[in-house]
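Me: I would like a close look at one part of this model. Please focus on the salt bridges and keep it brisk.
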Amino acid sequence: MSAAHDSPNARDYDEDAILVERTLSGDQASFQTLFRRYHDKVFAIARGVLLDSEEAADAVQEIFTLVYRNLRRFDRRAKFSTWLFRIAVNRSIQQARKIKKLRHNVPLSDFEEAPFHEDGVPATDPNIEVAMSRLNPTDRALLTLVYWDELSLQEVGESLGCSANAAKTRLFRSRERFRAVYEEVSNR
Amino acid sequence: MNVPREIDELMWEIAESHDETIEKQFVARYPMYVAELDMRRKLIGDLKGSRPTREPAIFVPSAEVRNFGASRLTVAFMAAILVASFGFASYATVRFLTSRNPEAPIVPPTKTYEAPPAQFSQTPIEAEPQFLPKSNSEEVVGGEPLSAQQTDPYLRKVTLRSEKTTLVDVINEIGAQAGLTITVAPGFVDRTIFIIYEDQPAIGVLNDLGRKYGFTPFEQGNQEILVIPARGSGSIKETGAAGVANEIKEESNGQAE
């Protein structure tokens, strides 16, 4: 198994708890530290679900705003990261369902001359993004958590509000659906 | 390609793991899945490689957070409305059901069957027969006064005693003693009988006579009875009566009625 499925880092867990406590005590810099630490993963979740970088950037700000305002509701016995990711997933899926923005009508030729990702990352296969756009927001969120944020099945389950076994089953199905769509897009 | 579930899951794990040792062992055991494994490895690699990144800006709390779903307050309010509606519906249903079968009001008795006026009791039926029989039958002794009889007129006691009378006369006497209006339908065959019934319910006597002589008394309500010539179960109260009634066969010398 890859490192993506290893157990979470206990040291990070303790540091997050300390930063949360400091933030609640009035130390705004501690929350900025949390923001920088998890911005990348939260952005990946929002970007994977919403399929648009600007939408994802706005969503990230709103997600962290929600976290900041509700930090006192955070149960210190749980992990801050999974609590954050759960908010990010739910928020992004809600927004995606509202927007209902799909990219499956984007012609493949648009990617042939400009194969670079709009975020500046070279797109290894444009069919990946087309295939992702054809999945439902929940499937996109799950694949994002596993393959972009490299969370363990336990963490994925906590972020989705289910058990690790349930997360494994859902991942299997999401992956199959992604593969079917990817093959369909690739064979056009 | 139809891959068994356990091999399917194993291939996904190998594609994600990048463990060459495990991959060689799998390929050696399942050479038919080499191409499939390669495809999956590429798919996972491309998916991971398309991960977007963005340099984090400084966090600035948003002035507003867009609401994409019902707020907790809205949900709580709607839940309260729902509970209140359910409670009211239950209350209204129970009230409706109970109103259909209200408890019988307790009505104090305002009327009782009291003795008739004194003048009536002073003239016992025995002294003044209620009817004059058409035939030469002996007097029919009347029953107890109405004053002392039962509430249900159909069950009022009658007393009939005659060595020779007609069936129609007997029916009329029953009506007179019980306070009933008895109507005899056309086609009724009259007979000459002798009869002895003492202190028996009126409808019981009629039923008894009906079984013997082929007629049916029908209670019409309102203290009315209709006598239909034919046997059957007409009376609601199949009340019998203990008594004797036999037809008298008249001699052929013309004394029959």
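Are B:Arg40 and B:Asp8 buried or exposed?

Reply: This is a predicted model. Both residues are buried: B:Arg40 and B:Asp8. Their side chains meet in a salt bridge, at 2.4 Å from N to O. B:Arg40 sits in helix α3 of chain B and B:Asp8 in helix α1 (residues 5-17) of chain B, so the bridge ties together parts that are 32 residues apart in sequence.

B:Arg41 has 24% relative accessibility, so it counts as partly exposed. B:Asp38 is partly exposed too, because its relative accessible area is 37%.

Next, a bridge between chains. The side chains of A:Asp40 and B:Arg51 meet at 2.9 Å, N to O. This pair runs from helix α2 of chain A, which holds A:Asp40, to the loop between α3 (34-49) and α4 of chain B, which holds B:Arg51. B:Arg51 counts as buried because its relative accessibility is 15%, under the 20% cut-off. A:Asp40 has 27%, so it counts as partly exposed.

Definitions and conventions
Residues are numbered from 1 along each chain as its sequence is written. Chains are lettered from A and ligands numbered from 1 in the order in which they are written. This is a predicted model: local features need pLDDT of at least 70, side-chain atom pairs count only at pLDDT 80 or more; totals for chains, interfaces and linings use all residues. Side-chain values use heavy atoms; hydrogens and water are left out. A salt bridge is a side-chain nitrogen of Lys or Arg within 4 Å of a carboxyl oxygen of Asp or Glu. Helices (H or I, at least four residues) and strands (E, at least two) are DSSP runs, numbered from the N terminus. Buried means under 20% relative accessible area, exposed over 50%, partly exposed in between (1.4 Å probe, protein chains only).
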